[in-house]
Amino acid sequence: MSSVAAALAEVRERIARAARAAGRDPAEIRLVAVSKTKPAEMIREAYAAGQRDFGENYAQELAAKAEALGDLADLRWHFIGHLQRNKARVVARHAHLVHTVDGAALATELGRRALAAGRAPLRVMIELNVGLEAQKQGVPPGDAAELARAIRADATLRLVGFMTMPPAGDPDAARAVFDRVRRVRDEIADPDVRDLSMGMSDDLEIAVACGATIVRIGSAVFGARTLPA
Ligand SMILES: *Cc1c(COP(=O)(O)O)cnc(C)c1O
């Protein structure tokens, strides 16, 4: 077994254990393997081990990898990085799901580009900024309902849920952030808007306990990143 395959098996077991501990069905939780800065060959290894969902943070890197791995027709790309409007075209062409919509103008541009690429409606999530760090991207929970309304009214987009990144290294803060995001999702009360993208290598158990339906795992699958991410 390759080291990537072994690491994937371990992460899947962590997810299953966390799900069972929370009284949840492990099948409700989708693993996105975050492959940013890692070579296409490692993605092939993960694919050979059954992994289909991969996360990328940079539009240019996503485009290059989508081209290099174009023969893997059922591979799904998740865009999880900060997205500027001038990169919306590239992302709309490749992404199965964009996790990081943080404004109405970006949403409109993504939908427009998806339509032009014959990929509408494009699945998106709203990135929520619940943490207190001023530099972090995402919309405050109080603005979520209005942005959700705008996206749901746009036929070129399909809102499926919410994503967040808690402060690192603070499990209690992470739990509070995840709970808050779940409440925002619950208040929308739309069965089509049910995904919660939260949980990374260090806090996936907490995220699963708090209701995550998508976890984004990088280093625990592919090893530490040597390039800045
Ligand atoms: C890099 C990254 C991840 C994965 O982080 P790990 O700690 O390596 O699991 C998840 N989500 C986002 C948005 C990221 O940028």
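I sorted the lining of the largest pocket by class and found 14 nonpolar, eight polar and nine charged residues. For this I counted Ala, Val, Leu, Ile, Met, Phe, Trp, Tyr, Cys and Pro as nonpolar, Asp, Glu, Lys and Arg as charged, and the others, Gly among them, as polar. The model is predicted, so local features need pLDDT of at least 70 and side-chain atom pairs pLDDT 80 or more, while totals for chains, interfaces and linings use all residues. Residues are numbered from 1 along each chain as its sequence is written, and side-chain values use heavy atoms, without hydrogens and water.

I noted about 640 Å³ of space in the largest pocket. Its lining comprises 31 residues, and Lys-36, Met-165, Met-200, Arg-216 and Arg-225 lie nearest its centre. A pocket is an open set of points on a 1 Å grid over the protein atoms alone, with protein on both sides within 12 Å along at least five of seven lines; a cavity is a set where a 1.4 Å probe fits but cannot get out; lining residues have an atom within 4 Å of a point. A volume is the space filled by probe spheres set on the points, which are joined across faces, edges and corners.

I then searched the whole structure for cavities of 30 Å³ or more and found one. Residues lining the largest cavity include Glu-127, Lys-136, Thr-164 and Met-165. By class, I recorded three nonpolar, four polar and two charged residues in that lining.

Lastly, I looked up a helix contact (heavy atoms within 4.5 Å): Ser-3, Val-4 and Leu-8 of H1 meet Met-42, Glu-45 and Ala-46 of H2. Four residues of this contact are nonpolar, one is polar and one is charged.

Notes. Helix = DSSP H or I, 4+ residues; strand = E, 2+ residues; numbered from the N terminus.
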